[in-house]
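Dear colleague,

Please find the structure below, handed over for your study.

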Amino acid sequence: MIRTTGTKMSDKKPISEFELLLIANNLIQEHDDYIEGMRATSVVEKDDVLIFKGDYFLDDKGLPTQNTTAVFNMFKYLAHHLSKEFTVK
């Protein structure tokens, strides 16, 4: 059998949303770009990609701040790394 470089869904570990958020928030806090208060509060899976959500540090008018980009990049980092390994059960 020839194995492709892509990860099949069957290769991923099924995990609860709660457990996945624990892992994600631990990674966030250990990351060099961590900002106080940065955390993932929910995760959904769409087309085999994990999508993390949380506080985006918007200003009083609902507009992005400098921290918004950092949070977006962190959630993108989580999606990129954790989607290869886990699927939400």
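**The end of the chain and its surroundings**

Val88 belongs to strand S4, which spans residues 86-88; helices (H or I, at least four residues) and strands (E, at least two) are DSSP runs, numbered from the N terminus. This is a predicted model, in which local features need pLDDT of at least 70 and side-chain atom pairs count only at pLDDT 80 or more, while totals for chains, interfaces and linings use all residues. Residues are numbered from 1 along each chain as its sequence is written, and side-chain values use heavy atoms, with hydrogens and water left out.

Val88 has a relative accessible area of 26% and is therefore partly exposed (buried means under 20% relative accessible area, exposed over 50%, partly exposed in between, with a 1.4 Å probe and protein chains only). Not counting residues up to four places away in sequence, Val88 touches Ile15, Glu17, Leu20, Glu45 and Leu50, where contact means heavy atoms within 4.5 Å. Val88 and Leu20 are 68 residues apart along the chain, yet 7.9 Å separates their C-alpha atoms.

**Overall arrangement**

The protein contains two helices and four strands, and from the N terminus on its elements follow the order β-α-β-β-α-β. Of the 89 residues, 28% are buried. Of the contacts between residues at least 6 apart in sequence, 57% join residues at least 24 apart. The protein exposes about 6400 Å², and carbon and sulfur atoms supply 54% of that area; accessible areas come from the Shrake-Rupley method with a 1.4 Å probe, and for residues only the protein chains shown count as cover.

**The nonpolar core**

Which residues touch the most other members of the largest nonpolar core? They are Leu20, Phe52 and Leu82, in a core of 18 residues. A nonpolar core is a set of buried Ala, Val, Leu, Ile, Met, Phe, Trp, Tyr and Cys residues joined through side-chain atoms within 4.5 Å. At least two residues of this core come from each of helix H1 (17-30), strand S2 (40-46), strand S3 (49-54) and helix H2 (66-82). H2 supplies the largest share, five residues. In soluble globular proteins, nonpolar side chains tend to be buried together.

Leaving aside neighbours within four places in sequence, Leu20 is in contact with Ile15, Val43, Leu50, Phe52, Leu82, Phe86 and Val88. Strands S2 and S3 run antiparallel and are joined by six bridges; two strands pair if DSSP finds at least two bridges between them. Their hairpin has two residues between the strands, and Asp47 there takes a positive phi near 50 degrees.

The structure holds one aromatic pair. Tyr56 and Phe75 form this pair, which is edge-to-face, at 5.5 Å centre to centre and 90 degrees between the planes. Rings of Phe, Tyr and Trp (its six-membered ring) pair if their centres lie within 6.5 Å; planes under 30 degrees apart count as stacked, over 60 as edge-to-face and the rest as tilted. The pair links distant parts of the chain, since Tyr56 is in the loop between S3 and H2 and Phe75 is in helix H2, 19 residues apart. Tyr56 is partly exposed at 28% relative accessible area, whereas Phe75 is buried at 4%.

Asp59 also lies in the loop between S3 and H2, and is partly exposed at 31% relative accessibility. A polar atom of the Asp59 side chain lies 2.9 Å from the backbone nitrogen of Lys61.

Yours sincerely

Note on methods:
Polar contact = N/O pair within 3.5 Å; in protein donor to acceptor, adjacent residues only side chain to side chain.
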